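Please look at the model below and follow its chain from one end to the other. The paragraphs after it lead from the overall fold to individual side chains.

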Amino acid sequence: MNRLRLALLAVGGAGLAALLVAACLDLPRFGARSHPYGTRAVHASLTRHTANTIASVNFDQRAYDTLGEMSILFAAVLGCVVLLRQARDEHRAQPQPAEVARPVRRYALIVLPVALVTGLYVIAHGQLSPGGGFQGGVVAATSLHLLYLGADYRALERVRPLAVYETSDALAVSSYLLLGLAGILAGTAFLANTLLPYGTFNTLTSGGTVPLLNAAIGIEVASAVVVLLANFLDQAVEIEEEHGSR
């Protein structure tokens, strides 16, 4: 049986290696000034008034891939919530606030609003400048946790109602799917960027559906990261086994 498995692995690996070598040999010349894929991507981005070509690729030209990435994150967070849920032999204990050094408290409370606004800015301007929903969502979500460093866990819990973030996560995923289905109802294709006017180039409303899909991803990523960190922090700080060990 082991020999059969190794033989199947060898055959599959050889086939994959052959395909990889064939693909590499057919790649455009390295270091060339023009690239066929890049040229097409930039042309499509400019045609649809999206200043950030990466955002155009993520939310227009290859919006299916982004849907897959969003689904992976959503499924990963859902799995962690199920695995880290409170077990029958566990109970919640109120965490005791720890003393925070004054420089750490001052730094965290000053940086928190700056980081939060930066994350929201990166999301809102995703179709115009480097960044977007994925990056801005992570920045916005992690900025809230500076409150844990600068104050205590209960202060973080007050600005992080899990039910709200779990709902917003599900709504963001649903809105991405609904925008895709709207294209079918309009007679074009799933996630086709044909529903809205492309607007004036290099403005917040430009790019058709790109800003909406980018915003949905930003909300989903931010909510998912908050929910994920909340479950890990609950296990580390609040949840104890019946005999008292964390």
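Among contacts in the protein between residues at least 6 apart in sequence, what percentage join residues at least 24 apart? The share is 71%, where a contact means heavy atoms within 4.5 Å. The model is a predicted one, in which local features need pLDDT of at least 70, side-chain atom pairs count only at pLDDT 80 or more, and totals for chains, interfaces and linings use all residues. Residues are numbered from 1 along each chain as its sequence is written, and side-chain values use heavy atoms, with hydrogens and water left out.

The protein contains ten helices and two strands; these are DSSP runs, with helices (H or I) of at least four residues and strands (E) of at least two, numbered from the N terminus. Read from the N terminus, the order of elements is α-α-α-α-β-α-α-α-α-α-α-β.

The overall dimensions come next. Along the principal axes, the C-alpha atoms fill a box of roughly 65 × 60 × 40 Å. The radius of gyration is 23 Å, whereas a compact globule of 246 residues would have a value near 18 Å. This radius is taken over C-alpha atoms, and the globule rule is 2.2 Å times the number of residues to the power 0.38.

Of the 246 residues, 35% are buried. Buried means under 20% relative accessible area, exposed means over 50%, and partly exposed lies in between (1.4 Å probe, protein chains only).

A search of the whole structure finds two aromatic pairs. Rings of Phe, Tyr and Trp (its six-membered ring) pair if their centres lie within 6.5 Å; planes under 30 degrees apart count as stacked, over 60 as edge-to-face and the rest as tilted. Tyr-64 belongs to helix H4 (residues 63–83) and Phe-190 to the loop between helix H9 (162–185) and helix H10 (210–238), so the pair ties together parts that are 126 residues apart in sequence. Tyr-64 is exposed, at a relative accessible area of 53%, whereas Phe-190 is buried, at 17%.

The other pair is formed by Tyr-148 and Tyr-153, whose ring centres are 5.6 Å apart and whose planes stand at 80°, so this pair is edge-to-face. Here Tyr-148 is partly exposed, with a relative accessible area of 31%, while Tyr-153 is buried, with 4%.
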